[in-house]
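I opened this notebook to record what I looked up in the structure shown below. The entries follow the order in which I consulted it.

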There are 2 protein chains.
Amino acid sequence: MRFTSEQRLDDGVLERGFTLGEIPGILWTPESASASAPVPLILMGHPGGLQRMYPRLVTRAQHSAADGFAAATIELPGSGDRPRFAALEEARADLRRAVGAGEPVTDEIVDRLVLPLVELAVPEWRTTLDALLSLPEIVGPVGYSGGVISIGVQLAVVEPRISAALLFAGSFVPRVMFEEARQATIPLLVLLQWDDEGNDRQAALDLFDALGSKEKTLHANMGGHTGVPQFEGDDGGRFFVRHLK
Amino acid sequence: MRFTSEQRLDDGVLERGFTLGEIPGILWTPESASASAPVPLILMGHPGGLQRMYPRLVTRAQHSAADGFAAATIELPGSGDRPRFAALEEARADLRRAVGAGEPVTDEIVDRLVLPLVELAVPEWRTTLDALLSLPEIVGPVGYSGGVISIGVQLAVVEPRISAALLFAGSFVPRVMFEEARQATIPLLVLLQWDDEGNDRQAALDLFDALGSKEKTLHANMGGHTGVPQFEGDDGGRFFVRHLK
């Protein structure tokens, strides 16, 4: 892990760009974080395109820092400045074509789009976690917050250092992920934008139902894909305070 | 409205039993409430049986008082010490028979059970509201919190003094209520216990979908009918602070 930039934000949060091999990422730590007072970490998932997502990510990170957490994110495979994958691009184009033509998005397209992404991204998140937890100012437990929900579900299942996850239901879910979801045991908070046109609401409800965790909560709101109300963001903060502190 | 009992609880909350005509009820007011500093009011719905429900109601009222709200409840028609209605009793017996025999609960039974209850209870709540708002220590805006969800939905639609409602999805919903729900405009928070066996989850989701309010939120949790987690109770408190203060 190599830090490539560093700036102090207005609220004292330290923002550091990094690369891990070829993967770019950003780490935010609260002013108080130090080797003698290390802070728990929240991994922040997103749909890909770090630069485009930056304004929303930095806001989420600053809220997390105010709660006493470090926050980190990495670019998704095949997004932003990272090399494209032909198969993923093709699946994306097929998805757009289907949606544009008003046709149903088939399981076959969803599998081709999401499964390779999960397979590529999950190991990258775990390697990133290794690197982040080796920093003296960061300590477990760790939370995962955000989309892509299939990545979050698989991380929740396979990565024992992740103790709680807040999942954004806003992307297509391959059928096989419902089986994987049954193996989840950690506390989960699922955010669903009820009237999000690009979201398959029934699939999100089915996935929530499938999640094996005894402590799982669904919070559904109006307002479209990016319209999660501020009070739910605040409540997500309280979710991590309950489970990571 | 005639006060029939009065006691000061440990946390300073004043609990007063009252009758309004033949309807028994309870009013809780925070220590601070006075004619010169009146407090907003939360009407607390419940499934009927004031004495049986008292432990849970007083806990909810004390939380509301800590947030600076008065809270009040009345006995449902045909419940507790109130005279029984033959038609309601018959519908209840038919419901029990159907559930006991593992048969589906028909719309016809649900209509016979819930519609008369709504028709009787809603005017009683409104009369109670008249009386409560005439007390110098209580002032609008008013919230409604609890079940029976069909009563809460109709109150949210017909009673302009109610500014926000927290609805417990835990009772059968007559088809006609879905039409009524579309007329709702006030902020709503619906609590759903996801794995509540006595609850029709799909009906609750359909009702949430039907609600006309632009600001509506669904919070679903595990843990059975009475297992609403403490953090959701706290969040319900914040919902009313946002909308009644």
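I began with terms: helices (H or I, at least four residues) and strands (E, at least two) are DSSP runs, numbered from the N terminus. The expected span of a helix is 1.5 Å times one less than its number of residues.

I noted that this is a predicted model, in which local features need pLDDT of at least 70 and side-chain atom pairs count only at pLDDT 80 or more, while totals for chains, interfaces and linings use all residues. Residues are numbered from 1 along each chain as its sequence is written, and chains are lettered from A and ligands numbered from 1 in the order in which they are written.

Entry on helix 7 of chain A. I found that this helix, residues 230-244, has 15 residues and reaches 21 Å from its first C-alpha to its last, close to the 21 Å expected at 1.5 Å a residue. I then looked up its buried residues (20 or more other C-beta atoms within 10 Å of the residue's own; exposed is 12 or fewer, partly exposed in between; C-beta atoms are placed from the backbone). They are A:E232, A:D235, A:G236, A:F239, A:F240 and A:L244. Seen down the axis of helix 7 of chain A, they fall within an arc of 155 degrees, so they line one face of the helix; the arc is that of the directions from the helix axis to the C-beta atoms. I recorded that their cover includes strand 4 (39-45) and strand 6 (138-146) of chain A, together with helix 7 (230-244) of chain B.

Entry on the two chains. I counted as in contact two residues whose C-beta atoms, placed from the backbone, lie within 7 Å. On that basis, 14 residues of chain A are in contact with 14 residues of chain B. Strand 9 of chain A gives the most to the side of chain A that touches chain B, with six residues. Five bridges join strand 9 of chain A to strand 9 of chain B, and the two run antiparallel; strands pair if DSSP finds at least two bridges between them. A:A220 stands opposite B:L218.

Entry on symmetry. I superposed the copies by least squares on the C-alpha atoms of residues with pLDDT of at least 70 in both. A rotation of 180 degrees with 0.0 Å of shift along its axis superposes chain A on chain B (RMSD 0.0 Å). The two copies are thus related as by a two-fold rotation axis. Of the residues of chain A, A:H219 comes closest to the rotation axis, at 2.3 Å (C-alpha).
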